[in-house]
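The following exercises concern a single protein chain. Each task is followed by a worked solution in steps.

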Amino acid sequence: EQALEQVATDWAERNFIFKHYKNRGMLLFDQEHMSWLLEQAEDTTMNMGTMLNSPYLATMREEAVNWIHTMTTVEAIISKYMRVQMLWRHLEVIFCAEESQAAQSIGQRELTTNFMSVDRQYETIMKRACTENNGVINSCLGIDGLADSLDSVISRLQMCKQAMAGF
């Protein structure tokens, strides 16, 4: 019981840490902190799984199972956030640089337009994550459609990246 209470206390105190990106605002997660949060979520999941085998947990079994589900979701969302950020940063440098040839080339205007659209989607997601940063768990589970939005951004960014290979 004390271990479950400690997990609840620990996760209630954890928040995302954001960083400014250029002059665009808080559009980046602190990568080291995200890696640490991912590691902590994995550890919590593993510890809860171990606790499920304990005969002393019988009355708290459902709570441990709920923690496993919560941490699995948190792990998935953090992983998606990290993937989105990596892809976005790579492409943002190419498409948003003032002297970007990708933005100037007639053959790549459609690609640039597509990236700028996904860039706005990314910015919206990140600004919402920053303003609704009321604990990692609440931020990961409390934003409706977050996983689908992140999947959409990943897919669109990957399409931009693949299309860039043709130029």
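Buried means under 20% relative accessible area, exposed over 50%, and partly exposed in between, with a 1.4 Å probe and protein chains only. The model is predicted, so local features need pLDDT of at least 70 and side-chain atom pairs count only at pLDDT 80 or more, whereas totals for chains, interfaces and linings use all residues. Residues are numbered from 1 along each chain as its sequence is written, and side-chain values use heavy atoms, with hydrogens and water left out.

**Exercise 1. Overall form**

Solution. 
Step 1. Helices (H or I, at least four residues) and strands (E, at least two) are DSSP runs, numbered from the N terminus.
Step 2. The chain has 19 Å, while a compact globule of 167 residues would have a value near 15 Å.
Step 3. Of the 167 residues, 41% count as buried.
Step 4. Contact means heavy atoms within 4.5 Å. Among contacts in the chain with a separation of 6 or more, 73% come from residues 24 or more positions apart.

**Exercise 2. Cysteines**

Solution. 
Step 1. A disulfide is identified as a pair of cysteine sulfur atoms within 2.5 Å.
Step 2. Cys130 is in no disulfide, and its nearest cysteine sulfur, that of Cys140, is 14 Å away. Cys140 is likewise in no disulfide, with the sulfur of Cys130 as its nearest, 14 Å away.

**Exercise 3. Helix H5**

Task: Compare the span of helix H5 with the expected value, and list the buried residues of H5.

Solution. 
Step 1. The expected span of a helix is 1.5 Å times one less than its number of residues.
Step 2. H5 covers residues 109–131, which is 23 residues, and reaches 33 Å from its first C-alpha to its last, close to the 33 Å expected at 1.5 Å a residue.
Step 3. The buried residues of H5 are Leu111, Thr112, Phe115, Val118, Asp119, Tyr122, Glu123, Ile125, Met126 and Ala129.
Step 4. An α-helix has 3.6 residues a turn, so residues three or four places apart point the same way.

**Exercise 4. Salt bridges and the place of Arg24**

Task: Count the salt bridges, and work out which residues are linked with Arg24 in a network.

Solution. 
Step 1. A salt bridge is a side-chain nitrogen of Lys or Arg within 4 Å of a carboxyl oxygen of Asp or Glu. The structure holds 8 salt bridges.
Step 2. One of these joins the side chains of Asp30 and Lys19, at 3.8 Å from N to O. Asp30 lies in the loop between strand S2 (26–29) and helix H2 (31–52), and Lys19 lies in strand S1 (residues 18–20), so the pair ties together parts that are 11 residues apart in sequence. Asp30 is buried at 17%, whereas Lys19 is partly exposed at 42%.
Step 3. Another salt bridge joins the side chains of Arg24 and Asp119, at 2.7 Å from N to O. Because Arg24 is in the loop between S1 and S2 and Asp119 is in helix H5, the pair ties together parts that are 95 residues apart in sequence. Arg24 is buried at 19%, and Asp119 is buried at 4%.
Step 4. Lys127 forms a salt bridge with Glu123, with the closest N and O atoms 2.8 Å apart. Both residues lie in H5, 4 residues apart, about one turn of the helix. Lys127 is partly exposed, with a relative accessible area of 39%.
Step 5. The network of salt bridges links Arg24 with Lys22, Glu92, Asp119, Glu123 and Lys127.
Step 6. Not counting residues up to four places away in sequence, Arg24 touches Trp88, Glu92, Cys96, Asp119, Glu123 and Lys127.

**Exercise 5. Lys22**

Task: State where Lys22 lies and whether Lys22 counts as buried or exposed.

Solution. 
Step 1. Lys22 is in the loop between S1 and S2.
Step 2. Lys22 counts as exposed because its relative accessibility is 54%.
Step 3. Although Lys22 is not a glycine, it has a positive phi of about 50 degrees.

Technical notes:
Rg over C-alpha atoms; globule rule 2.2 N^0.38 Å.
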